[in-house]
Amino acid sequence: MFSIITLFGILGNITTGLVYLSPAKTFWRIARNRSTEEFESIPYICKLLNAYQWVYYGIIKPNSVLVATINGFGAVVELVFIVIFLMFASTQKIRVRTAILFGVLDLVFPAVSFLLMQLILHGQLRIDISGMFCVVFSMITYGSPLSAMKTVVATKSVEYMPFLLSFFLFINGGVWTVYAFLTEDYFIGIPNGTGFLLGTAQLILYVTYMKPKSSEKISDNLEDGSKHEPLIPSSNLVS
C-alpha cells in the first residue's frame with residue numbers, strides 16, 4: 001500500500017536525480033571545448049564511490065529499494081561524467097592521474113570492500129558497517145559546497161555559487177532527512193541532515209551577498225565545487 005514513507009522516498013529520488021545531474025552544464029562545456037581546462041575529477045570520482053556504497057546499502061537493507069534505485073542512476077551518471085573527463089583531459093598527466101584514481105577508488109576499493117562484507121559480515125552487522133561507509137563517503141562528498149561557501153564569503157559575491165545547485169541540495173537534504181526520520185534510519189539521516197543545514201546556509205549566503213543588478217553571467221567553475229578549489233580530500237548522496 002502506498003504510504004508517506006514511499007512518497008518521501010519517491011520525492012527523494014527526484015531531488016537526488018537533479019543533484020546528480022547538476023554538473024551536466026560543466027560537462028557540456030568540457031565536451032564542447034574538448035578540454036577539461038582547470039576542472040578537477042576528484043569530486044566525480046568520490047561521488048561515484050559514494051553512489052556505489054548507497055546502492056549496496058539499499059540492496060542489503062530490507063525495504064530500501066528506493067535508496068538503491070536512485071543511487072544506481074547516480075552511478076551511471078557519474079560514470080558518464082568520468083568517461084567524458086578522461087576523453088577530454090587537458091593533459092596526459094591529468095588523464096593518467098584520473099584513470100589511476102578511478103581504478104583504485106571506483107573499481108578496486110568497492111570490489112574488495114563489498115566482497116569482504118559479503119564473506120565476513122552477516123545480518124544487521126553487515127548493514128551497520130555498510131551504513132557507516134555510506135555516512136563517511138557522503139560527508140566527504142558534502143565537502144564540495146564548503147568550497148563554494150568559502151569563495152562567496154571571501155569575494156562577497158554569489159557568482160561562483162549557482163543558486164539551483166544550492167536549492168536542490170537544500171530540498172534534497174530536507175526530503176531525505178524526513179524519510180530517515182520516518183524509517184528511523186540514522187545512516188540516511190546524518191549525512192542528509194548535514195546536507196540540509198549546508199543547503200540552508202548556502203541559501204542564507206545567497207540572500208546576504210546577492211546583488212540585484214550584478215552581472216547575469218553564471219560561472220561553471222564551481223558547478224560541483226571543483227574548479228577553484230579541489231574537494232577536501234584531494235562530497236542526491238544518498239545522496
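How far apart do the end C-alpha atoms of residues 100-121 lie, and how much of the span is helix? I looked this up before anything else. The ends lie 29 Å apart, and the span is 95% helix and 0% strand. Helices here are DSSP runs of H or I with at least four residues, strands are runs of E with at least two, and both are numbered from the N terminus.

**Ground rules.** I am working on a predicted model, where local features need pLDDT of at least 70, side-chain atom pairs count only at pLDDT 80 or more, and totals for chains, interfaces and linings use all residues. Residues are numbered from 1 along each chain as its sequence is written, and side-chain values use heavy atoms, with hydrogens and water left out.

**Confidence.** I checked pLDDT, the predictor's confidence in each residue, from 0 to 100. The protein chain has a mean of 84, and 84% of its residues reach 70 or more. Residues 213-236 stay under 50. For that stretch I noted 79 contacts beyond four places in sequence. Contact means heavy atoms within 4.5 Å.

**Overall make-up.** I found nine helices and zero strands in the protein chain. Of its 239 residues, 52% are buried. Buried means under 20% relative accessible area, exposed means over 50%, and partly exposed lies in between (1.4 Å probe, protein chains only). The protein chain exposes about 11,600 Å², and carbon and sulfur atoms supply 73% of that area. Accessible areas come from the Shrake-Rupley method with a 1.4 Å probe, and for residues only the protein chains shown count as cover.

**UniProt record.** I looked up "transmembrane region" in the unreviewed UniProt entry, which lists residues 6-23, 66-88, 100-121, 127-148, 160-182 and 188-209. Positions are given in the numbering used here, feature names are shortened, and annotations may be inferred rather than shown by experiment. I then took residues 6-23 in the model. Their end C-alpha atoms lie 27 Å apart, with 89% helix and 0% strand.

**Aromatic pairs.** My search of the whole structure gave twelve aromatic pairs. Rings of Phe, Tyr and Trp (its six-membered ring) pair if their centres lie within 6.5 Å; planes under 30 degrees apart count as stacked, over 60 as edge-to-face and the rest as tilted. I looked at Y44 and F81. Their ring centres are 6.2 Å apart and their planes stand at 75°, so the pair is edge-to-face. Y44 lies in helix 3 (residues 42-60) and F81 in helix 4 (residues 65-87), so the pair ties together parts 37 residues apart in sequence. Both Y44 and F81 are buried. I also noted that F27, Y44 and F81 form one aromatic cluster.

Next I took W54 and Y57. Their ring centres are 5.5 Å apart with planes at 90°, so this pair is edge-to-face. W54 and Y57 are three residues apart in helix 3, so about one helical turn separates them. W54 is buried at 0% relative accessible area. Y57 is buried as well, at 0%.

**Two single residues.** Where does I5 lie? I found I5 in helix 1 (residues 4-21). I5 is partly exposed, with a relative accessible area of 31%. Beyond its neighbours within four places in sequence, I5 is in contact with Y179, L182 and T183.

Is T98 buried or exposed? T98 is buried, at 1% relative accessible area. I placed T98 in helix 5 (residues 92-120). Leaving aside neighbours within four places in sequence, T98 is in contact with S41, I45, F85 and L86.
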